[in-house]
Amino acid sequence: MLAAIDWSRPWYATVLDAVGRLDLARDGVIAAFNGRAAALGLRNDSGQALHFVPQSALPEGTAYEEFIGATGGVPTRDNLHDFFNGLVWLSFPRIKRQLNALQAAQIALSGVGKSRGPARDGATIFDENAALLVVRDDAAGAALVAALRGHDWREAFVARRASFGADAEVWLFGHALMEKLVAPYKAITAHTRVLLAGADYFALAQAERRAWIDATVARELAERGLSTADFTPLPVLGVPGWWPAQDAGFYEDASVFRPKRGAPSQLAAAAAQGGQHG
């Protein structure tokens, strides 16, 4: 199962430190996760030690998030989806704890039900498919964020290509997103949350930057909650340097790099401009 993962891919940098600290060949996945979780002193929102258990430990009729909130146990199957979920717990434990607390509180309030509601929908999307875009808090960073939110892909990824790395970083969070990227294809799109950071952030070592993201996002979720409106789409393979042959034509594929809904297409805009001059 794990042999299919190419750890040299840039999108796995988020969890590379976590996986490098596990002896999976010796311990197996659950035991390795539990050893690392204990070393980090991880706990759920109610203070119970976070640990990983086989899926069979989840009682029938009990919601997954409810079980984690009540016991600290994270049901884990022998598949890539749950493997990446464990790595994210070890990499961003504060965010994961806060997302679980939000989910568990909503379940306690209104039950599981057929519809999750906006808060649980937002938490589920975050947990499964989120990326975190950290952008330098200055005029250039604001322009990059505006281009991404406006789906001006050429402005974001071509004109502002040099911003990525120096002034903007993408950290994957969603474990389903990581699973899809084991066999990458162009249309994979993340639900992206933007974080503004000062110059001091970009001077930190990678582990310190990850810890800053973990603490900052967890605090924001605790203070303001979460909804689906908090995200902007990001075609992951469009991130500069994340895929070969990212020429201008790469970003012209409108089936992936779609214009913002309600905005005129480039062709329509060009036709309108031609009519004005013609």
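The values here come from a predicted model. R209 lies in helix α13, which covers residues 206-224.

Leaving aside residues up to four places away in sequence, R209 touches E169, W171, Y201 and L204. With one of these residues, E169, there is also a polar contact: the side chains of R209 and E169 are joined at 3.0 Å.

## Helix α13

Helix α13 has 19 residues. From the first C-alpha to the last, α13 reaches 27 Å, close to the 27 Å expected at 1.5 Å a residue.

R209 is one of several buried residues in α13. The list of buried residues in this helix also includes the charged residues R210, D214 and E220, as well as I213, T216, V217, A218 and L221. After α13 comes G225, which has a positive phi near 70°.

## Helix α5 and its two partners

Two packed helices are described by the angle between their axes and the distance between the axes.

On the α1 side the contact is made by T14, V15, A18 and V19, and on the α5 side by F83, L87, V88, L90 and S91. Seven of the residues in this contact are nonpolar and two are polar, with no charged residue.

Helix α3 is formed by residues 29-40. Its axis and that of α5 come within 10 Å and cross at roughly 10°; α3 and α5 are therefore roughly parallel to each other. The residues of α3 that meet α5 are V29, F33, R36, A37 and L40. Their counterparts in α5 are D82, F83, G86, L87 and L90. The residues of the contact between α3 and α5 divide into seven nonpolar, one polar and two charged.

F83, L87 and L90 of α5 are named in the contact with α1, and F83, L87 and L90 are also named in the contact with α3.

H151 is not a glycine, yet has a positive phi of about 60°. This histidine sits in the loop between α8 (139-149) and α9 (153-159). Is H151 buried or exposed? H151 is buried, because its relative accessible area of 16% falls under the 20% cut-off.

A245 likewise has a positive phi of about 60° although it is not a glycine. The place of A245 is the loop between β6 (232-235) and α14 (266-276). A245 is exposed, with a relative accessible area of 62%.

## Arginine 26

R26 belongs to helix α2, which is made up of residues 24-27.

How far apart are the C-alpha atoms of R26 and L177? They are separated by 27 Å, and the two residues are 151 residues apart along the chain.

Key:
Residues numbered from 1 in each chain as written. Predicted model: local features only at pLDDT ≥ 70, side-chain atom pairs only at ≥ 80, totals over all residues. Heavy atoms only, no water. Contact = heavy atoms within 4.5 Å. Helix = DSSP H or I, 4+ residues; strand = E, 2+ residues; numbered from the N terminus. Polar contact = N/O pair within 3.5 Å; in protein donor to acceptor, adjacent residues only side chain to side chain. Buried < 20%, exposed > 50% of the residue type's maximum accessible area, 1.4 Å probe, protein only. Expected span 1.5 Å × (residues − 1). Axes fitted to C-alpha atoms, helices over the stretch in contact; angles between N-to-C directions. Parallel < 35°, antiparallel > 145°, perpendicular 65-115°, else oblique.
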